[in-house]
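This report goes through one structure, from strands up to chains. Keep the display open while reading.

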Amino acid sequence: MSAKQINTTIRSMTPVGGYLHMIVDAPGVAEVEPGHFAALAVGGPNGATLLRRAFSIHKSTLGETLEFIFAPHGLGTQWLATQRAGDVIDIIAPLGKPFILPKQPISCVIVAGGYGAAPMELLARELRARNCRVDVVLGAATQEKLFGVLDLKGVSDSLIVTTDDGTSGVRGRVTDVLADVITKNNSQAVYACGPMPMLQAVAQVSQENGAFSQCAVEESMACGIGVCMTCVLPIIGDDGVTRMARSCVDGPVFRGDRVRWDDVDTVPSDAFGAPQPGGH
Amino acid sequence: MSVDLSTSLGSLELASPTLTASGCAAAGRELAQFGDVSSLGAVVTKSIMMEPRSGRATPRMAETPSGMLNSIGLQGPGIEAFLEKDLSWLTQNNVTTIVSIAGNNVDEFGELARILAKVPGIAGLEVNISCPNVESRGQVFACNPVSAAQVIETVKSVWHSDAPVLAKLSPDVTDIVEIAHSVVEAGVGGVSMINTLLGMVIDVDKMKPMLGGRTGGLSGPAIRPVAVRAIYQVHAALPNLPILGMGGIRTGHDALEFIAAGASAVSIGTVVFGDPGAPWRIANELGQELQARGYDSLREVIGLAHHN
C-alpha cells in the first residue's frame, strides 16, 4: 500500500448527532481497509496550524470518495468544521496498519467508544463477508455522543449500547457488558477503537475471557507518515522486547496484549534504548 | 530558459538546493511515496547516536502558532542498525546523504565520525552540537565556543574525507557569530543553522508543562526571522563559510530570503510534517521566484542582501 497526497474537494459536510460527517473526492487513493486512517492538513495553505490531523477513515468508495466523522474540539477540527462542500482540502491516505482480518469464520466482537465507531461499519462488513459472527458494543458518555448505532445494527448479529449517564441503552461502560458478550457468543476476536482508557479496559477484559484483541489507538500525531516520532507508545515486539513504536506506521492497530497500557506516556526502563542511570 | 538551481556546500556539489532537515524526514525512506528522494539536494538524516535510544516520554509535541515544540529526545536505532537498514537503503537508491551525528560527549562524536569515515557513499556529516532535548544543557555543545570547537576538532581528526563536515548551530546563544568563528577555527567545512529554540507550553488544566520532557525545541515558520537574522550575521562575518540554512521555510519565497541572507542551500524541516512533498515543491517555487526576478542562477543570489 502506498499513501497518496491529494489536494481535493469536499463533497459534503453534514451534522450527524454530535458529530460532523465529511465526504471528500478521493481520486487515485488506494483501497482502504478497516482501520486505515488519513492525515488532513488544516487551516489553509497560509494558516498557523502546520501539523496534520489524523482521522480514521469511516468509509470509502475506491477511486471516488473518502468519508470521515469528527467532532470540532480543537483548533484544527474547529477550522475543519467551517469548511463547506466545494472547499479544497489536502489529504494523505490511506495510512497505517489496518485491522487484521481472520482467515476463518470466527466469532468476533466490535467495541467502540464515541466516534471510535467510525471505521467499524466497514470492519463489520468485511468480517461478515468472511462469514464471521459479529456482535457489537457501542459506548459513549451520553446519547448524542453515540455514533453508528443504526448502521452497525444492520451489519451485526447483536448490538448493545452503553452510556455513562444512561441516556441510551445500558448505564455504564462498554467493558461492563463485554465479558458477557464474549462468553455468550464464544467470541475469539475483539476489535476496538476509542479512547485509550477504554482500549486498555477492553484489552484486559478480552484477555481475561480468552479472546484476542486488536485496538486502534489514538495518539497525537504531527505528520502521520512516520517521520516526526511524536506518536510513540511502548509496544512489546515478537521478540519480547518493548520498543517505542510509532502509532502512525507501526499502528494505529496493535494487539491489545502487546500495548503496555500502564506505561503509555512513559518510556519504561526496560524499553529498547531507554535512558540508563547517568545517561540521557 | 530555466534557472540553474545547482549549488554547493564547500566541496559538495548539489543538483538541487533543497535538502531535508535533520529530524524531520527520518532517514528519507518514508518520503519515497511522495517524491523521488534521489532528486533532493540531499537527505540529512535524523541524528544518529552510538547506541539505540528510546527518546523521551510522550507527549512529545505541542502545536504552537505557526510552529511546534518537539521533545523527541533523539529516538533512534543506534549507529549499527542505522548503517545496516537506513544508510543501505539511501545508498541503494542513489540518495545524496548527509549523516547527522549526535554524541553524549566529545568522544562519542569522534567515535561516530571514525565509524562513518570508513563507510562509502556519505556526502557529508552534520554534527548536531545543538539538540535542545537532552537532560543537561552542558550537552548543548553549541552554546559554548570552546566545547563546540572541541567536538569539531575531534570529528575532523578522524574524518579523512573531502565530504564536508557541517556544524549545526543553536540560536540560543548570546553571539552566534562567536560560535561560528570558533567552529571555523576548528576546521568545519560549513555550518547548518538554525537548530530549534528552547521553549515550553504549559497545560493550564493540568497545571504542568505539556511536554513529557517539560521543555522542547521550537521550530516552524514562527522562528524563520530568527534564522534569517542568524544567517545574515554569520555570512556578514564569514562570507566564505558555506551555510546550510533552515528554520521554518515553507515556500520558495521563504527559501529565497535564506539564500539572499547568505545560505548556499536550505533544509526543509517542520513544514514536511504538514506537507511531505514540500522539499520538491519549494525547489520548484524557488526556481520560479528567481526567474520572476530575472536571475539566471541561484548562485548569483547567495548573500545578495548584504550588497544592497
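Strand β8 (residues 107-113) of chain A and β9(A) run parallel and are joined by seven bridges. The model is a predicted one. One pair to look for is A:Ser107, whose bridge partner in β9(A) is A:Arg133. Between the strands comes helix α2 (residues 120-129) of chain A, and β8(A), this helix and β9(A) form a right-handed β-α-β unit.

Strand β9(A) also pairs with strand β10 (residues 158-163) of chain A, in the parallel sense and over six bridges. Here A:Gly139 stands opposite A:Thr162 of β10(A). A residue counts as buried if 20 or more other C-beta atoms lie within 10 Å of its own.

## Backbone details in chain A

Most residues other than glycine have a negative phi, and most peptide bonds are trans. The following residues are worth checking against that rule.

A:Asn131 has a positive phi, near 60 degrees, and is not a glycine. A:Asn131 sits in the loop between α2 and β9 of chain A. A:Met229 is also a residue other than glycine with a positive phi, near 65 degrees. The place of A:Met229 is the loop between β13 (212-216) and β14 (232-236) of chain A.

Where are cis peptide bonds found in chain A? One joins A:Ala93 and A:Pro94, with omega about -15 degrees. A:Pro94 is part of strand β7 (residues 88-95) of chain A. Another joins A:Gly251 and A:Pro252, with omega about 10 degrees. A:Pro252 belongs to the loop between β15 (242-246) and β16 (253-255) of chain A.

## Domains of chain A

The domain assignment divides chain A into domain 1 (4-95), domain 2 (107-216) and domain 3 (221-280). The C-alpha centres of domain 1 and domain 2 of chain A are 25 Å apart.

How many residues of domain 1 of chain A are in contact with domain 2 of chain A? There are 12, and they touch 13 residues of domain 2 of chain A. On the domain 1 side of this contact, six residues are nonpolar, five are polar and one is charged.

## Chain B as a whole

Chain B contains eight helices and 16 strands. Its C-alpha trace spans about 55 × 50 × 40 Å along the principal axes. For 308 residues, a compact globule would have a radius of gyration near 19 Å, and the 18 Å of chain B agrees with this.

Of the 308 residues of chain B, 60% count as buried. Contacts in chain B between residues at least 6 apart in sequence can be sorted by separation: 73% of them join residues at least 24 apart.

## The open sheet of chain B

What is the order of the strands in the open sheet of chain B? Its eight strands follow the order β3-β16-β15-β10-β9-β8-β7-β4, with parallel pairing. The edge strands are β3 (18-20) and β4 (43-44) of chain B, and each pairs on one side only.

Within this sheet, strand β7 (residues 97-101) and strand β8 (residues 124-128) of chain B pair in the parallel sense over four bridges. B:Ile101 has B:Val127 of β8(B) as its bridge partner. In a regular strand the side chains alternate between the two faces of the sheet.

## Where the chains meet

Between the two chains, 39 residues of chain B are in contact with 29 residues of chain A. On the chain B side, the elements that give two or more residues are β5 (61-64), β6 (67-70) and α7 (271-274) of chain B. Which element gives the largest share of the chain B side? It is α7(B), with four residues.

By class, the chain B side has 16 nonpolar, 15 polar and eight charged residues.

Technical notes:
Residues are numbered from 1 along each chain as its sequence is written. Chains are lettered from A and ligands numbered from 1 in the order in which they are written. This is a predicted model: local features need pLDDT of at least 70, side-chain atom pairs count only at pLDDT 80 or more; totals for chains, interfaces and linings use all residues. Domain bounds come from an automatic or database domain assignment. Two residues are in contact if their C-beta atoms, placed from the backbone, lie within 7 Å. Ala, Val, Leu, Ile, Met, Phe, Trp, Tyr, Cys and Pro count as nonpolar, Asp, Glu, Lys and Arg as charged, and the others, Gly among them, as polar. The radius of gyration is taken over C-alpha atoms; the globule rule is 2.2 Å times the number of residues to the power 0.38. A residue is buried if 20 or more other C-beta atoms lie within 10 Å of its own, exposed if 12 or fewer, and partly exposed in between; C-beta atoms are placed from the backbone. Two strands pair if DSSP finds at least two bridges between them. A crossover is right-handed if, with the strands pointing away from the viewer, the path from the first strand over the helix to the second runs clockwise.
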